[in-house]
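This report walks through a few parts of one protein model, moving from its loops to its helices and then to its core. Please keep the sequence and the structure in view while reading.

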Amino acid sequence: ITALVVYAAFRVKDRLGDLISMAVTLCLFALPLAGLWASGQSQSVTISGLLPLTDASFYYQDSLRIIMGQDISHFSAMRPFFPGFLSFLMNLTDRNFMFSLAIITAIAAIGIYFTVREVQRTHGTEVAVFLLLILFLYFRHHSGTSMSETLGMPLGALGMALVWRSLEKRSQTLAVFGLFVCAFALNVRPGTMFILPLILLWAAWILRKPNEFIAIKFLFVGAAVTALSFFLNSQYVRLLAEPSGTAFSNFSWALYGLASGGNAYTYVFE
């Protein structure tokens, strides 16, 4: 039923269609958040639908530490952009945690909406609605939690939308910006890091000139902006954390788990 409603909304054309499809997307992402708060359900990182637990509690506590001018924990130093952004929202909303989570949910809905719209332009409404529901079902698992996925995931989707648009318009500038957003998203929430050089090579191949084997200039500029996102992350760690704080300190654990047949990051301790 949800798919049919979303499909009908995305089939409406012109400005009215933009307004209706945006409203439906915002409602789609708002409903699970409202349902979580109304039910008071406890999850792995949330007690009674709101109180942060385990990883989420570290981000929440460190956002308050940033507001008070204190150093963040070693846990948040691994990915400091999210507690930094959460502290901005908490300060903006007078430390209203629920309002801050609602803003993050709205940002996620808007970012994913623009991504889906790009896919709709090239592959039609059916594919776009399928993509929207897949992204929604992933985000729904983290909705209402102070986890870095809630910001990293929509940023990653938006970065891919920019790259997607750049390939159609043959714009290297737009592709560079999209690559930067993708790299920034993976600094917000570390994940499939090795996708970055693959996107860079893929875009350099697509955007090459007729007399080029590959777009060399784009390769160098794209590599530079990707490195810039990691440099900004390292400087942010130095700004917010203790000197011993390290970015991506558990990345080797995840890499070992993957290299050992797709095991969890805790497999390294076994």
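T54 is found in the loop that links β2 to α3, in a model that is predicted. The phi angle of T54 is near 50°, which is a positive value in a residue other than glycine. Most residues other than glycine have a negative phi. T54 counts as partly exposed because its relative accessibility is 40%, a value that falls between the 20% limit for buried residues and the 50% limit for exposed ones.

The buried residues of α3 are A56, S57, Y59, D62, S63, L64 and I66. These buried residues pack against β2 (51-52), α4 (74-77), α5 (81-92) and α11.

## Where α3 meets α5

The axes of α3 and α5 come within 8 Å of each other and cross at roughly 65°, and the crossing in which α3 passes α5 is right-handed. On the α3 side, the residues that take part in the contact are Y59, Y60, D62, S63, L64, I66 and I67, and in α5 they meet F82, P83, G84, L86, S87, M90 and N91.

R95 sits in the loop between α5 and α6 (97-123). Although R95 is not a glycine, its phi is positive, at about 65°. With a relative accessible area of 47%, R95 is partly exposed.

T125 belongs to helix α7, which covers residues 125-142. T125 is classed as buried because its relative accessible area is 7%, and the cut-off for this class is under 20%. The side chain of T125 makes a polar contact with the side chain of Q120, at 3.0 Å. When neighbours within four places in sequence are left aside, T125 is in contact with Y7, F10, R11 and Q120.

T150 has its place in helix α8. Is T150 buried or exposed? T150 has a relative accessible area of 2%, so this residue is buried. A polar atom of the T150 side chain lies 2.6 Å from the backbone oxygen of M147. Not counting residues up to four places away in sequence, T150 touches F82, I104, A108, F139, H142 and T145.

## The largest nonpolar core

In soluble globular proteins, nonpolar side chains tend to be buried together. In this model, the largest nonpolar core has 22 residues, and the members that touch the most other members are L196, A204, L207 and F218. Two or more residues of this core come from each of the elements α8 (149-169), α9 (172-188), α10 (195-206) and α11 (216-240). Which element gives the largest share of this core? The largest share comes from α9, with 7 residues.

With residues up to four places away in sequence not counted, A204 touches I214, A215, F218 and L219.

Definitions and conventions
Residues numbered from 1 in each chain as written. Predicted model: local features only at pLDDT ≥ 70, side-chain atom pairs only at ≥ 80, totals over all residues. Heavy atoms only, no water. Core = buried A, V, L, I, M, F, W, Y, C linked by side-chain atoms within 4.5 Å. Buried < 20%, exposed > 50% of the residue type's maximum accessible area, 1.4 Å probe, protein only. Helix = DSSP H or I, 4+ residues; strand = E, 2+ residues; numbered from the N terminus. Contact = heavy atoms within 4.5 Å. Polar contact = N/O pair within 3.5 Å; in protein donor to acceptor, adjacent residues only side chain to side chain. Axes fitted to C-alpha atoms, helices over the stretch in contact; angles between N-to-C directions. Left-handed = near helix turned anticlockwise from the far one by under 90°.
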